[in-house]
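Okay, thanks everyone for coming.

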Amino acid sequence: NVASVNASYATAGNYPIELMVAYARFFDVDGDVPLCGEVVDGEIVVSALDDATFTYGSATVCVGGADLTPTITTAGGTFTTTGALIIDAATGVVDVTDSPEGTFTITYTTAGACPNSSTQSLTITSAPSAAFTLSSDEVCGSASNVTATVAGSVGVFSSTTGLEINASTGEVNVAASTPGTYVITNTIAASGSCPAATHNETLEIIAASNAAFAYSATAFCEEG
């Protein structure tokens with residue numbers, strides 16, 4: 001007799017069987033771990049699927065960065081990917097310099113008797129820009145707040161002591177700041193293979209003129 005079997009076994013091992021099995025699919029007793037089975041000398045031999053896990057050093061890299069080489073648990077399989085990512089099918093090495101920007105899904109499939117596959121996501125992006133401009137680079141101490149317009153990416157805004165600045169938005173509270181000249185920096189931290197980026201702008205806060213005046217006395221006699 002020839003039959004297809006969908007069976008559950010506790011662990012990998014050998015199990016007697018009276019049928020000649022043409023196709024078998026096996027899981028552990030919980031039904032959540034796939035196993036691999038074949039018939040050898042009248043017994044079902046159940047083996048665990050290959051470990052197809054692999055990792056890259058970073059899930060996000062910058063255009064022009066160094067090639068990425070994966071760490072593979074079970075060697076000898078094949079890599080495939082989505083889109084126009086340039087990848088070596090045998091080694092999984094990604095050509096970061098010549099690949100386009102985007103997010104790609106990379107699949108590794110083992111080649112053993114019990115093949116398996118797993119996936120990783122890889123994003124290639126342009127180098128970050130911290131560029132920004134200020135609504136004004138010179139203001140009086142009584143002026144309204146100075147705001148930052150970010151052309152690149154928002155990082156962390158900072159300056160020297162005396163300037164009241166919002167670290168998240170770059171907005172300066174002029175009235176609460178001490179008059180002086182300040183360098184404001186937007187800093188984007190390094191991420192994966194992407195380097196850190198910074199950009200500086202200068203702001204001068206001028207002390208408001210003192211318009212107070214006084215006479216030598218509050219009352220005078222008329223002469224003449």
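**Surface, sheet and cysteines**

So, the accessible surface of this protein is about 13,200 Å², and 51% of that belongs to carbon and sulfur atoms. Keep in mind that this is a predicted model. Of the 224 residues, 27% count as buried. On secondary structure, we have zero helices and 17 strands. And if you take contacts between residues at least 6 apart in sequence, 50% of them join residues at least 24 apart.

Four strands make an open sheet with mixed pairing, and the order is S7-S11-S10-S9. S7, residues 60–62, and S9, residues 78–81, are the edge strands, each pairing on one side only. On average, neighbours in this sheet are turned by 30° against each other, ignoring direction. Inside it, S10 (102–109) and S11 (117–125) run antiparallel and are joined by eight bridges.

Okay, cysteines. How many disulfides does a search of the whole structure find? One. That disulfide joins Cys62 to Cys194, with S to S at 1.9 Å. The link between Cys62 and Cys194 is right-handed, with 120° about the S-S bond. Cys62 sits in strand S7 and Cys194 in the loop between S16 and S17, so the pair ties together parts 132 residues apart in sequence.

Are these two buried or exposed? Cys62 is buried at 4% relative accessibility, and Cys194 is buried too, at 7%. Elsewhere, Cys140 is partly exposed at 41%, while Cys221 is exposed at 75%.

Definitions and conventions:
Residues are numbered from 1 along each chain as its sequence is written. This is a predicted model: local features need pLDDT of at least 70, side-chain atom pairs count only at pLDDT 80 or more; totals for chains, interfaces and linings use all residues. Side-chain values use heavy atoms; hydrogens and water are left out. Two strands pair if DSSP finds at least two bridges between them. Helices (H or I, at least four residues) and strands (E, at least two) are DSSP runs, numbered from the N terminus. Axes are lines fitted to C-alpha atoms, for helices over the stretch in contact, and angles run from 0 to 180 degrees between N-to-C directions. Buried means under 20% relative accessible area, exposed over 50%, partly exposed in between (1.4 Å probe, protein chains only). Contact means heavy atoms within 4.5 Å. Accessible areas come from the Shrake-Rupley method with a 1.4 Å probe; for residues, only the protein chains shown count as cover. A disulfide is a pair of cysteine sulfur atoms within 2.5 Å.
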